[in-house]
Amino acid sequence: QVQIVESGGGLVQPGGSLRLSCAASRSIFNLYNMAWYRQAPGKQRELVATATRGGDTNYVDSVRGRFTIWRDNAKTTVYLQMNSLKPEDTAVYYCALLTTTNVAYWGQGTQVTVSS
């Protein structure tokens, strides 16, 4: 059994913050790099941030300096701290476990809405 559970989405005003969590089965968590994607209505799914097994991180330019991804290997959980949120950040956010070339597993998605 593989379990991937996302949480933390919600409604927040512009300039506010949210913290997303993605907990994965211990049997697979440390075998993969981790990522957060997002998809707004009518738009392509976008890679937002990645964290390697060793903790190296990368971000799409639009969130760099505002979002932080990190992984807690002991808790087999990856997080996305989102600060200074903008309306254009509104999307469904998906946790993903990555191979070097593909997404191996997807989380169920969590809605983030930034609106005044």
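Helices (H or I, at least four residues) and strands (E, at least two) are taken here as DSSP runs and numbered from the N terminus. The model is a predicted one, so local features need pLDDT of at least 70 and side-chain atom pairs count only at pLDDT 80 or more, while totals for chains, interfaces and linings use all residues. Residues are numbered from 1 along each chain as its sequence is written, and side-chain values use heavy atoms, with hydrogens and water left out.

On that basis the protein chain contains one helix and eleven strands. In sequence order the pattern is β-β-β-α-β-β-β-β-β-β-β-β. The radius of gyration, taken over C-alpha atoms, is compared with a globule rule of 2.2 Å times the number of residues to the power 0.38. For 116 residues that rule gives 13 Å, and the chain has a radius of gyration of 13 Å, so it is as compact as a globular protein of that length. Along the principal axes, the C-alpha atoms fill a box of roughly 40 × 25 × 25 Å.

Burial and surface come next. A residue is called buried under 20% relative accessible area, exposed over 50%, and partly exposed in between (1.4 Å probe, protein chains only). Buried residues account for 43% of the 116 residues. The areas come from the Shrake-Rupley method with a 1.4 Å probe, and for residues only the protein chains shown count as cover. The accessible surface of the chain is about 6,100 Å², and carbon and sulfur atoms hold 46% of that.

A contact is defined by heavy atoms within 4.5 Å. Of the contacts with a separation of 6 or more, 53% are between residues 24 or more positions apart. For charge, Lys and Arg count as positive and Asp and Glu as negative, with His and the chain ends not counted. Each charge is placed at NZ of Lys, CZ of Arg, CG of Asp or CD of Glu. The chain has 11 positive and 7 negative side chains, and the centres of the two sets lie 4 Å apart.

A disulfide is a pair of cysteine sulfur atoms within 2.5 Å, and the count by this rule is one. The bond is between Cys 22 and Cys 95, with an S to S distance of 2.1 Å. Cys 22 belongs to strand β3 (residues 18–24) and Cys 95 to strand β9 (residues 91–98), so the pair, 73 residues apart, links distant parts of the chain. The torsion about the S-S bond of Cys 22 and Cys 95 is about -80 degrees, so this disulfide is left-handed. Both Cys 22 and Cys 95 are buried.

Cys 22 is also among the residues touched by Thr 76, together with Ala 23, Ala 24, Arg 26 and Phe 29, when residues up to four places away in sequence are not counted. Thr 76 sits in the loop between β7 (67–72) and β8 (77–82). With a relative accessible area of 5%, Thr 76 is buried. Most residues other than glycine have a negative phi. Thr 76, however, has a positive phi, near 45 degrees.

Ser 84 also has a positive phi, about 50 degrees, although it is not a glycine. This residue is in the loop between β8 and β9, and at 41% relative accessibility Ser 84 is partly exposed. Lys 86 is placed in the loop between β8 and β9 as well, and is partly exposed at 34%. Leaving out residues up to four places away in sequence, Lys 86 touches Arg 66 and Val 114. Lys 86 and Gln 108 are 22 residues apart in sequence, and their C-alpha atoms are 23 Å apart in space.

Ala 40 lies in the loop between β4 (33–39) and β5 (46–51) and is buried at 19% relative accessibility. Thr 57 is in strand β6 (residues 57–59) and is partly exposed, at 33%. Beyond four places away in sequence, Thr 57 touches Thr 50, Ala 51 and Ile 69.
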